[in-house]
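User: I have a model to go through with you. Please take my questions one at a time.

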Amino acid sequence: MINVVIAELRKLRRPTLLLSTLLTVGLLSGLFTSLVFLRVGAKGGNGKRGEAITAAELSHATGFLYGFKLVGTFLGLVALCVFASQTAQEYTYGTLRNLLVRQPARMKVLAGKFISMKIFAAAMVIFAGTITISLSYALAGHAKVSTSLWSSGAAMHLLAQATLNIFIQTLSFGLFGMILGLLFRSPISAIAVGVIWTLILETILGAVISSTSKWLPGANFSNIGEGGSLLVSYKHSLAVTLCYLLLGSLIVSVLFKRRDVAN
Amino acid sequence: MDTPPDSTIAISTSGLTKIYGDRAALSDATFTVPAGTICGFVGPNGSGKTTTIRMLLGLISPTSGSAYVLGEKISQPENYLPRVGAMIEGPAFYPALSGAENLKVLANLGGFPISRVTELLEKVGLGERGQSKYKTYSLGMKQRLGIAAALLPNPDLLILDEPTNGLDPSGIHEVRELIRSLARSGTTVFVSSHLLSELEMICESLVMLREGKVIFTGLTQELLKAQTPLIVAIPEYAVDLAKLVGIVTAAGFTSKVVAERLEISAPVDWSATLNRLAFEAGITLSAISKVLPSLEDTFFEMTGDAQ
């Protein structure tokens, strides 16, 4: 198994993928954190969906986590794209046959791929956390926000909790992408379906029939990252996510194990 | 075939069949590949060569029949694949990785020492381009990288699907020499190609496929013996060709006119008689020669394909 993980990490660390992902994550992290702090008191709000976050709120122990939480959903989308393309490209490049000749245990290949992408996702979350928190400190003075509570024990506990939740959220989106990659066997199709579903269809469905949000995968993945909401509890989202991902993983694992590699 | 073959057989199949929908990609294929030899796998495009190779490598499962590779059932590829090197249907690598990185991915995956990568890149003539991205490689370089990847496990059995595609004449010669040297060191090489003359030069045995069926399996020499040598006669004047055909037919042999020459299916020692009969009929032959059958001629003769 460790051999598969090392081999997969070799592919994930290629500069074109690693640097472009870090650049995207860095830019998004910088953008969202800057918007939160530089638009304090602005008319259109400075939070998610026009929510106004005041300097007083930012001075709480959770203040330095607003940017991190805002970028969470986008980390999920980045993970969806990376996981989907890394899985589906094995079919389009025809490299799957090489992998399976060198490692015939197909479940090991699949598990190794997932573990390596988990490491990649963890690195992405830590990077985003570092950027957003550093920038929060840098911009706190400009927004007249006090940072005294940000280093308290409670703040550290909240940081650990937020990091774990954003990691689970990112991983859920990533696994969703991996499932789509294995189903469609084409990076473009898998990414298109994943992004359209998450960003467009779920939004429309949620707007038309609000009760569906409680059961839609993307909405629940995002809710985990936010630590739950007043409408949908954290535990509910975790359970729904688990059901979706377990079912999806089971289906694609059976397909991957049994399907002929004919391309 | 429920008992595994002895160690003198590298590959053996019995009634191996693969059906897709209502089409049989491979039908009831039974053949053996002796260990330590170079065996050619010949057939027109779509005849089932790659399907067979994929089944031998555990990539697709047979509809029926059985096969053993290095004494192990193909349903348990993990038992024999660590000793098998393969290049299937041309090279396939990650375009954004260098040649060396691509090989390292496979070396990691198979648990082979990374030090083999440099050694193999040198062996296939890619030593200086190992750090270049795969997407910058020419077709010949990609093919060489594919061969290097197949050699990673230092294999007991090497399966190569069209290994000379895209190579220039010197590259083809190098691959041929590489295959020969591997066979000399005891590696069994199972090589498919549509270049029949290529296989005739290097293979001791052959498996020939047509429309998913094995039409010949045995020694190359046996195949060559199966074909009657031809006498090729060229009259001084092309107008005499028809008269020459009449002479051959009257003698009880068959012939066909190819360009401005006559190919006659007759014993080679009938050449002198032909020369005399042509002279008596007032025909001067500008050339009369014996043509040894090539594997290609034999193949087309057996498969009925027009050249």
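User: What distance apart are the end C-alpha atoms of helix 2 of chain B, and what should its 12 residues span?

Analyst: This is a predicted model, in which local features need pLDDT of at least 70, side-chain atom pairs count only at pLDDT 80 or more, and totals for chains, interfaces and linings use all residues. Residues are numbered from 1 along each chain as its sequence is written, with chains lettered from A and ligands numbered from 1 in the order in which they are written. Helices are DSSP runs of H or I with at least four residues, strands are runs of E with at least two, and both are numbered from the N terminus. The expected span is 1.5 Å times one less than the number of residues, so helix 2 of chain B should span 16 Å, and its end C-alpha atoms agree at 17 Å apart.

User: Is helix 2 of chain B enclosed or open, and how many of its residues are buried?

Analyst: A residue is buried with 20 or more other C-beta atoms within 10 Å of its own, exposed with 12 or fewer, and partly exposed in between; C-beta atoms are placed from the backbone. The buried residues of helix 2 of chain B include Glu101(B) and Lys104(B). They pack against helix 1 (2-12) and helix 5 (96-102) of chain A, and against helix 3 (115-123) and helix 4 (139-151) of chain B. The helix is largely enclosed by the rest of the structure, because the buried count is 12 of the 12.

User: Which element gives the most to the side of chain B that touches chain A?

Analyst: Contact means C-beta atoms, placed from the backbone, within 7 Å. Chain B puts in 25 residues and chain A 23 residues. With seven residues, the element that gives the most on the chain B side is helix 2 (residues 99-110).

User: How do helix 4 and helix 8 of chain A run relative to each other?

Analyst: Axes are lines fitted to C-alpha atoms over the stretch in contact, with angles from 0 to 180 degrees between N-to-C directions. Those of helix 4 (residues 66-93) and helix 8 (residues 187-208) of chain A come within 7 Å and cross at roughly 155 degrees. Angles under 35 degrees are roughly parallel, over 145 roughly antiparallel, 65 to 115 roughly perpendicular, and the rest oblique. So helix 4 of chain A and helix 8 of chain A are roughly antiparallel.

User: Is Cys203(B) buried or exposed?

Analyst: Cys203(B) sits in the loop between helix 6 (196-202) and strand 9 (205-210) of chain B. Gly40(B), 163 residues away in sequence, is 5.6 Å from Cys203(B), C-alpha to C-alpha. Cys203(B) has 25 C-beta neighbours inside 10 Å, so it counts as buried.

Key: Contact = placed C-beta atoms within 7 Å.
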